[in-house]
Structure formats: C-alpha cells, structure tokens
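Work through the exercises below with the sequence and the 3D view side by side. Try each task before you read its solution.

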Amino acid sequence: MRDGNGKALATVLEKQVTPARTIAGDLYGNLFERPHPRKVDVTMVLELKAQEIGGTLYFLDGQPVKINSRVPLYLSNIFIEPRITEIIR
C-alpha cells in the first residue's frame, strides 16, 4: 500500500494460505471438524510505517496498532482489514 507520493505505507513480507476449518454435524448429532469447501485462512507478515505518539503506535494518522485491532489496507484491487495477532518491533 502506497500513499499519494508513492511512499510505501504497508508491505507484505510473507503470506501463507491454508484451508479454513469448519464444524459440521451429522444426522446423529456427532460433530466433526472439516476443511471449509470454499474459504481459506490467510496469514500475513506486514511491515507498517507507523508513528509512535505517547508510547502508542499509530498507522494512517489515527489507527492505533495494538493486538486484536484491525488495520485498513487499501490495495490495488481490494480493501481488507486484517486483525493484528502479534507485534514485532
């Protein structure tokens, strides 16, 4: 993701795609964990250009960068809001 001047604001360093899992039941009430027929889980390692103000990191002038928060990413063909699971400085 780049700003209007072409400066990188977010860079995908790694991406891993795995089949999503779902819980399905049978006629007898037994539950099974199975791969979802259409959905996948995507795990990404991102490098964000964040600014630290008062000990808190901010992305895009106001979006706090904290565990379990979402980061808006405006990519060329899609808009996504991945959830932060870990912060590595």
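**Exercise 1: The open sheet**

Task: State in which order the three strands of the open sheet lie and how they are paired.

Solution: The three strands of this open sheet lie in the order E3-E4-E5, and their pairing is antiparallel. Strand E3 (51-53) and strand E5 (63-64) are the edges, and because each has a single partner strand, one side of each is left without a neighbour in the sheet. As a next step, look at E3 and strand E4 (residues 56-59), which are joined in the antiparallel sense by three bridges. Within this pair, Ile53 stands opposite Thr56 in E4. Two terms are needed here: strands (E, at least two residues) and helices (H or I, at least four residues) are DSSP runs numbered from the N terminus, and two strands count as paired if DSSP finds at least two bridges between them. In general, the strands of a sheet pair through backbone hydrogen bonds, either parallel or antiparallel.

The model is predicted, so local features need pLDDT of at least 70 and side-chain atom pairs count only at pLDDT 80 or more, while totals for chains, interfaces and linings use all residues. Residues are numbered from 1 along each chain as its sequence is written, and side-chain values use heavy atoms, with hydrogens and water left out.

**Exercise 2: One residue in its surroundings**

Task: Decide whether Val12 is buried, partly exposed or exposed, and list what it touches.

Solution: Val12 belongs to strand E1, and its relative accessible area is 43%. Buried means under 20%, exposed means over 50%, and partly exposed lies in between (1.4 Å probe, protein chains only), so Val12 is partly exposed. If residues up to four places away in sequence are not counted, Val12 touches Met44, Val45 and Leu46, where contact means heavy atoms within 4.5 Å. The C-alpha atoms of Val12 and Val45 are 6.0 Å apart, although 33 residues separate them along the chain.

**Exercise 3: The chain as a whole**

Task: Summarise the make-up and the dimensions of the protein chain.

Solution: Count the elements to find zero helices and seven strands. The C-alpha atoms fill a box of roughly 60 × 30 × 20 Å along the principal axes. The radius of gyration, taken over C-alpha atoms, is 18 Å, whereas a compact globule of 89 residues would have one near 12 Å; the globule rule is 2.2 Å times the number of residues to the power 0.38. Of the 89 residues, 15% count as buried.

**Exercise 4: A phi angle**

Task: Find where Asn68 lies and give its phi.

Solution: Asn68 is in the loop between E5 and strand E6 (73-74). Its phi is near 75 degrees, a positive value in a residue other than glycine. Most residues other than glycine have a negative phi.
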